[in-house]
Amino acid sequence: MSNFDNIKSITIKQPLKLDCGKEISNFPLAYETYGNLNENKDNAILVFHALTGDQFASGQNPVTNKEGWWNYAVGPGKAFDTEKFFVICANVIGGCMGSYGPGTIDPTTNKPIGTNFPVITINDMVNAQYNLLDHFKIERLFAVAGGSMGGMQVLQFVSNFPNKAKVALPIACTASHSAQNIAFNELGRQAIMSDINWKDGLYDGKTSNPDKGLAVARMAAHITYLSKKGLQEKFGRNLQERSDLKFGFDADFQIESYLRYQGSVFVDRFDANSYLYITRAMDYFDLTKQHGGNLSKAFKGSKTKFFIISFTSDWLYPTSENKDIVIALNAIGADVGFVEIKTDKGHDSFLLDVTDFLSTIKNYLNTTYLNINERRI
Amino acid sequence: MKEEFKVISKLIDEKSRVLDVGCGDGILMEYLSKNKVVDVRGLEISKEKVKKCLSNGLAVVEGNAEYDLKQFPDLSFDYVILSQTLQAFMSPENVIKDLLRVGKKVIVTIPNFGHWKVRLDLLFKGEMPITKNLPYEWYNTPNLHMCTIQDFYNFCNNKGINIFKIISLNGQKTSKISSSNLKYKNLISELGIFLLEK
């Protein structure tokens, strides 16, 4: 992995009791910010990243030199307008962009912690990131937002800290990971763990990494992020730089070549063990179960304004699962808005510039910020 | 703002919880939250309109009243509003039942099929009437269950639904409808606005 010397991070000193029973302390949480915190400290938005994201939501990621994962949404004049709002984004614990994770070097062995890292949950991720409020001396966030696993963190955050965010924006997510989602994650993990270089998770992170397994995991997952229609329209049965089938196992089709490329670039920026840990955290996520089978209880007494968004072609976190959250919120009279955005771009839509998606968020946030401030006067 | 919305907002007490079913662009919701200090939620079937409402910061959920009213608990709102939408449902009877379950009071606006212009159209032209409130041709109308003020009045009586108030709206003119002037008002009203309770 690249060096993290110039990455911002806080060291969380006080012990954090994890769901698995273990305790961690004195660990790093890497973060990035965009825009400026105003004098009242009422314009902060905490954005949570998804499975393979990191703290670099916007601009250029200084480690990968690629565009930030939510560059369409976060920036000056964008949906999360950094001319108005102070956007904070942290790398989740278990991640591989400077936060405490399986790739962190254990000073006693001088090797990556690997699978000696404790199994973490969405709850643990959120509890770790809560320390950022203290760090910035923010009493209350204006909003928490995120898509996919980021959305799960939004739900967990408002459940854990009911009055710490005025607005919650969970996008394309679920309150409880489905059997299908667990199945896809297991497929990815098995691909990694079957790689001879995985070595029970104790690879050295330098010479031999389970790149092949991680690439296959990424390829499989990538299919779940797109829709059938989207794939068909983009690739169809188009051939890859050839006029005819080659009767072999090279990438004859463009879709094969595309997936291979996606897999190969992914291993340059992501750690296989992080992939195991983070997918596990997603699988364990069941906010309904955390509240005795009644999801409404997770949000009881919440004064937060919820805005839930799903996408028509998202079959990984389908509208029905997003709507379950809406139903649970309506059952307790919470302030909730919900729209299903029409698109062929599948689950990936939340990362893209899908028509009306980002403009609706932008207007919602700007109007709500003004409304809340007017009411205060 | 539409005269109808002014009438509806006068029926609503300050500081109450309101659900606007079929809230459209959210014009009534916005008026209510700014002028009546009410806590107002909306349910709307059109994605375009839901996006417009959310862009204005309104708490609107995309959904169909025939299926999605179920998620609201009994008597969870002081008022539930249904403005000129009843006739478009597959089962208006079930929707009214659900509205009365969710709301302590229910406000229903009926585009009146008993208006004299409607009657004359059918009588003299022999064609399905097209009016300002009912602007569709018979083959593309979303309105499946048209009724008159008299019909809805009878329906409420038959179902044991309490009618608190009926207001007639004809152009900009409002007037009260009572059992004694019902026949006449059914002839001259474009809209009938009903305040109901279970």
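Which residue forms a salt bridge with A:E32, and how far apart are the closest N and O atoms? View 1 gives the answer. All views show a predicted model.

**View 1. A salt bridge between A:E32 and A:K8.** The partner of A:E32 is A:K8. Their closest N and O atoms are 2.4 Å apart. A:E32 lies in strand β4 of chain A (residues 27-34), while A:K8 lies in the segment before β1 (9-12), so the pair ties together parts that are 24 residues apart in sequence. Over all chains, a search of the whole structure finds 27 salt bridges.

**View 2. The interface of chain A and chain B.** On chain A, 25 residues are in contact with chain B. On chain B, 18 residues take part. The area buried between the two chains is about 1700 Å². Carbon and sulfur atoms give 52% of that area.

**View 3. Polar pairs and salt bridges across the interface of chain A and chain B.** The rule finds three salt bridges between the two chains. One of them joins the side chains of B:K47 and A:E340, at 2.6 Å from N to O. Side chains of opposite charge can pair when their charged atoms come close. Polar contact links 11 residue pairs across this interface, with both residues at pLDDT 80 or more.

**View 4. The side of chain A that touches chain B.** Four elements of chain A each supply at least two residues here: β13 (305-311), α10 (319-331), β14 (335-341) and α11 (357-376). The largest share comes from β14(A), with seven residues. By residue class, this side of chain A divides into 10 nonpolar, nine polar and six charged residues.

**View 5. A nonpolar surface patch on chain B.** The patch covers about 530 Å². B:W116, B:L120, B:L123, B:F124 and B:L187 make it. Helix α6 of chain B (residues 116-125) gives the largest share of the patch, four residues. B:L120 is found in this helix.

**View 6. The surroundings of A:L239.** A:L239 is found in the loop between α6 (228-234) and α7 (254-269) of chain A. Leaving out residues up to four places away in sequence, A:L239 touches A:D244, A:L245, A:D252, A:F253 and A:Q254. A:D252 is 13 residues from A:L239 in sequence. In space, the two residues are 5.6 Å apart, C-alpha to C-alpha.

Note on methods. Residues numbered from 1 in each chain as written. Chains lettered and ligands numbered in written order. Predicted model: local features only at pLDDT ≥ 70, side-chain atom pairs only at ≥ 80, totals over all residues. Heavy atoms only, no water. Contact = heavy atoms within 4.5 Å. Buried area = accessible area lost by both parts, 1.4 Å probe. Salt bridge = Lys/Arg side-chain N within 4 Å of Asp/Glu carboxyl O. Polar contact = N/O pair within 3.5 Å; in protein donor to acceptor, adjacent residues only side chain to side chain. Nonpolar A, V, L, I, M, F, W, Y, C, P; charged D, E, K, R; others polar. Patch = residues over 30% accessible without salt bridge, like charges linked within 9 Å, V, L, I, M, F, W, Y side chains within 5 Å. Areas by Shrake-Rupley, 256 points an atom, 1.4 Å probe, with all protein chains shown as cover.
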